[in-house]
Amino acid sequence: LIGRLMLDLPEEMGLIAVAVRQTQGKGRGGNVWLSPVGCALSTLHITIPLHSNLGQRIPFIQHLVSLAVVESVRSIPGYEDIELRVKWPNDIYYSDLMKLGGVLVNSTLIETTFHILIGFGFNVNNSNPTICINDLITKFNKEEGTKLKPLTADCLIARTVTVLERLIDIFQEKGPNGILPRYYKYWVHSGKQVRLHSEDGPTAWIVGIDDYGYLQVHEEGKGIQSVHPDGNSFDMLRNLIVPK
């Protein structure tokens, strides 16, 4: 529905579809995305000029959305220490332990404008199939003696979109360096090891992401290289390959 509407609306008009439940949710690589009641589920349409900082680095969109979801919670006074984090390239995690959300971005270039459809879903009030944000809040209250209130899906969708608008504005003005310090503050990968090429390939250490959103790793004797997933593994970080 939103894909059909997006080209018929005035450019300055925003467009978002919000679902209470999805029966045909999609993930990366054709995976099915489970969407029970209690998830925050939406698809957002935005436009990005090709000749802009973000237009030249479109893969960064998924990182900005993941960051916006995390900041939608952790920017609320009192909720700053809820252990919600980003996992490259497009996941939202509880610490580095368990996935509770994801982002899927589709882009279409028409003349000099990218039409971006951003699908995001994250668990707010459903403990299954993994864990949800309100579980983390309950756990935090027990451990810290606080009385933080549960959050709602509609509130967090609205906050995510608002934060995303600000992040896009900052990126357009300052490029990746305007965003990366905030991104690294919440990501799970600093100093972690990965294997290159195969499960028994050489070891490398994650150091950051480059100007185009690819992961940067340091392999001993070879310096820092940009890598991307091999396209086959379910775990996006299991096997990484160096582009030729």
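The pLDDT is the predictor's confidence in each residue, on a scale from 0 to 100. This is a predicted model, in which local features need a pLDDT of at least 70 and side-chain atom pairs count only at 80 or more, while totals for chains, interfaces and linings use all residues. Residues are numbered from 1 along each chain as its sequence is written, and side-chain values use heavy atoms, leaving out hydrogens and water.

**View 1. Confidence along the protein chain.** The chain has a mean pLDDT of 86, and 89% of its residues reach 70 or more. Confidence is highest in H4, at a mean of 96, and lowest in strand S11 (residues 239-241), at 55. Helices (H or I, at least four residues) and strands (E, at least two) are DSSP runs, numbered from the N terminus. Where pLDDT is low, the predicted coordinates should not be read in detail.

**View 2. An open sheet of 6 strands.** The strands follow the order S1-S2-S6-S5-S4-S3, with antiparallel pairing; two strands pair if DSSP finds at least two bridges between them. Strand S1 (15-19) and strand S3 (84-87) are at the edges with a single partner strand each, so one side of each has no neighbour in the sheet. Neighbouring strands are turned by 20° against each other on average, direction ignored. H4 packs on the sheet, where it touches S1, S2 and strand S6 (113-123), and its direction makes about 25° with that of S2. Contact means heavy atoms within 4.5 Å; axes are lines fitted to C-alpha atoms, for helices over the stretch in contact, and angles between N-to-C directions run from 0 to 180 degrees.

View 3. S3 and strand S4 (residues 91-94) run antiparallel and are joined by 4 bridges. Lysine 87 stands opposite aspartate 91 in S4. The loop between S3 and S4 holds proline 89, which a cis peptide bond with omega of about 0° joins to tryptophan 88. Serine 95, in the loop between S4 and strand S5 (98-110), has a positive phi, near 50°, although this residue is not glycine.

**View 4. Residue classes in the lining of the second largest pocket.** The lining has 7 nonpolar, 3 polar and 4 charged residues. Here Ala, Val, Leu, Ile, Met, Phe, Trp, Tyr, Cys and Pro count as nonpolar, Asp, Glu, Lys and Arg as charged, and the others, Gly among them, as polar.
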